[in-house]
Amino acid sequence: MDLSFTDEELAFQAEVREFLETKLPADVKDRYERGLHFTKEGQVRWQKILNEKGWMAPNWPAEYGGTGWTATQKYIFAQELGRASAPPPIPFGVSMVGPVIYTFGSQEQKDYYLPRILNSDDWWCQGYSEPGSGSDLASLQTKAVRDGDEYVVNGQKIWTSHAQHADMIFCLVRTDSNAKAQEGISFLLIDMNTPGITLKPIIGLDKEHTLNEVFFDDVRVPVKNRVGEENKGWTYAKFLLGNERTSIARISQSKLKVKKLRAIAAEQRTNGGLLQDDTDFMRKLNQIDVDLMALEYTELRMLSRIQKGEKLTAEPSLLKIKGSDIQQALTELSVEALGMYGVAYEAEEIREGRNDQNFAPDYANGPMAEHLYLRAASIYGGSNEIQRNIISKMVLGL
Amino acid sequence: MDFELSEEQVLLKDSVDRFVLDNYGADDRLKLSQTELGFSRDHWKQMAELGWLGMAFPEEVGGFGGGAVETMIMMESMGRGLVLEPFVSTVLLGGALIAEAGSAEQIESIIPSVIEGNLMLAFAYAEPQSRFNLNDVETTATKSGDGYVLSGTKSVVYHGGTADKVVVSARTSGGSRDAEGISLFVVDTNASGVDVRSYQTVDGQRAADIRFDNVSVGADALLGEEGKAAPVIEKIADRATAALCAEAVGAMAAANEITNEYLKTRKQFGIPIGKFQVLQHRMVDMYMEAEQSKSMADMAAMKLDIGYSDETKRAVSAAKSQIGKACKFVGQQSVQLHGGMGMTDEYSIGHYFKRLSTIELLFGNTDYHLNRFSALS
């Protein structure tokens, strides 16, 4: 047991730090630091810079374009991204469907999709939830009926994040209606430009458009776009959710947020002094900081077990629960830090369209947007209640 | 970075686990805690023979040179069985202070006997007014000829009643809460003017209040430099705090296992109560608190092995504040999920609850350490 870095690891840290200092676009950094949604153009530009360096997919096996880093290097990289206010890649391609493709996909799928994911040529979105299938995901009803070399897909997906930008959607569809719920599902890769797909935006609590409904009306999908075996999609879906839970804790991002909050507390005035002298406020902030430290070392312990070859069952659900609790506590406190300016909030398009801006401090732009958006953190990726069910069953055997 | 135990560390863990399994069944522990001594001298001898009493001492003083990680491993395993022997008091407090600050003669005359299991120690630092402030010292040590005269009262000195010698913090100069002016003395508990009043603590252990009434000690009783003991005390207290964190981790793991098993076997409404979602989620929250605590105890031990700086202090306080919170939650909910059974003295879960509640308090409670973390952030 040892927490120190070797000389090689320190050199690696310096290399990452230097790369981020010189290559991270300022506009991308600014939006991310504030907690505003990315722009597609900015995010893709940044991901291509990462890919050029070969650092797009630290968690992929080297043979598919991964970095071949040790667990410690991956930890250093994640820490440095957070430290530099650099957004990690959008997860749908590189963290979600990518591992499904290289683990269960055909050679043809690997050869075609993996390089395109690495180079951000395709923007992916996730077709899981349906109006009647949220926590009970396996009850999904979108149907795919075989017709020669194609499936004909009919149905509807919902809560599809960033689908308006997407070139591709990975989709869970029902291919056998007579089987048990989990046993009649297949995993399809669908081109969003296929005739019969329509989108309807859902405006969120934050007044922004990130969520969508996706409708499938006789959408014809080549059978070769199915990953793995027919009716085995639930296995792949769960594999993906398991991966998602380890990346969803967003620890380095939360560390960045703590740092930012300390800076705001050093500027925000209250009672003739500064917010950083308010013991009630600082106590909340420091409590979150302690929780975050505990989560960081819990994640490191789990990564160490994975690196050693141990198979974790539902332990990563802990990361999801605690990680989202912390994100929400931090964004809530960020709003609180603004005092009355916490309530001044407009959708970005409206605010940017004004000729006259209010007199709020610059850092007031962002916290409420993120606070509203991240109420979803305890809902998406399997609600925190569902995560508790999973731990209870898989880890505690209850 | 490496989070895995080395081969030697695995052996150490196995050996403490075996000791606990052989000697610390719930009934054994309850009986032992009710004896006059409150622990077993046979166990103490075994611990010496197994080399545990020397594990934390540097090789220069005859120890085995184990670090905070080795201490963490032993304490976590002992925590599973709520071990009663005065390991923390003798080795990690009294012994560690002497090894850290003592002269060659002091070390030579005391530490080998500690390692062999022939000498027990305690650390008398708390006072009726001091709460958790280690620098709040009103006990005085006044120069007298070559030596000193000690006067004052020390509170809740763990294992003070069985200690052959106590290490005492006393003020040789400065105001009552100044860091400057605190000195350490090694005092025989049977010296004239030392009044030791021993009693049981809620966790089944023993403590004593000790009054020093014009106790004369020689110059050789002074440990380290006069007036400069505060940093030494803080460092050893932090190491002991990290060790107690590890003990709590072991105790929480055991409490959770016992409770989880109870949920599977206890039936109400015709089904095991563990089938009720509200209890499942409670148990998951207890599991998560225990996991977060384990991470913090490991982290604190590893940081202590790197060195001792403000960052280390901040890490120890972060660990203790997380673990203090978890001690209360896991301890109280373990009792709650056992229903009436949790209220009995006979059943083990209540003893875990009481020890966990005690650890929350020792060397500063959750609030104290969150404040210390804040001050260092």
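Reply: Happy to. The domain bounds used here come from an automatic or database domain assignment. For chain A that assignment gives domain 1 (7-89), domain 2 (124-233) and domain 3 (248-394). Residue numbers start from 1 along each chain as its sequence is written, while chains are lettered from A and ligands numbered from 1 in the order in which they are written. Please keep in mind that this is a predicted model, in which local features need pLDDT of at least 70 and side-chain atom pairs count only at pLDDT 80 or more, whereas totals for chains, interfaces and linings use all residues.

Let's begin with chain A as a whole. Chain A has 13 helices and 10 strands, where helices (H or I, at least four residues) and strands (E, at least two) are DSSP runs numbered from the N terminus. Its radius of gyration is 22 Å, close to the 21 Å of the globule rule for 398 residues, so chain A is as compact as a globular protein of that length; the radius is taken over C-alpha atoms, and the rule is 2.2 Å times the number of residues to the power 0.38. The C-alpha trace of chain A spans about 75 × 55 × 45 Å along its principal axes. Of its 398 residues, 42% count as buried. Here a residue is buried if 20 or more other C-beta atoms lie within 10 Å of its own, exposed if 12 or fewer, and partly exposed in between, with C-beta atoms placed from the backbone.

Within chain A, the C-alpha centres of domain 1 and domain 3 lie 20 Å apart. Between them, 10 residues of domain 1 of chain A are in contact with 14 residues of domain 3 of chain A; contact means that the C-beta atoms of two residues, placed from the backbone, lie within 7 Å. On the domain 1 side, α4(A) gives the most, with 6 residues. That side divides into 5 nonpolar, 4 polar and 1 charged. In this sorting Ala, Val, Leu, Ile, Met, Phe, Trp, Tyr, Cys and Pro count as nonpolar, Asp, Glu, Lys and Arg as charged, and the others, Gly among them, as polar.

Chain B has its own division: domain 1 (7-117), domain 2 (122-227) and domain 3 (231-375). The C-alpha centres of domain 1 and domain 3 of chain B are 21 Å apart, and their contact takes 21 residues from domain 1 of chain B and 25 residues from domain 3 of chain B. The elements giving two or more residues to the domain 1 side are α2 (26-34), α5 and α6 (87-101) of chain B. Among these, α5(B) gives the most, with 10 residues. The domain 1 side splits into 13 nonpolar, 4 polar and 4 charged residues.

B:Leu82 follows α5(B) and has a positive phi, near 50°.

Now for the two chains together. Their contact takes 31 residues from chain A and 32 residues from chain B. The elements that give two or more residues to the chain A side are α4 (71-83), α9 (279-307), α10 and α13 of chain A. Of these, α9(A) gives the most, with 14 residues. The chain A side divides into 17 nonpolar, 7 polar and 7 charged.

Helix α13 of chain A (residues 384-394) has five buried residues to look at: A:Gln387, A:Arg388, A:Ile390, A:Ile391 and A:Ser392. Their cover includes α10 (316-337) of chain A together with α9 (277-306) of chain B.

For contrast, A:Pro361 is in the loop between α11 (348-353) and α12 (367-373) of chain A. A:Pro361 is exposed, with 12 other C-beta atoms within 10 Å.
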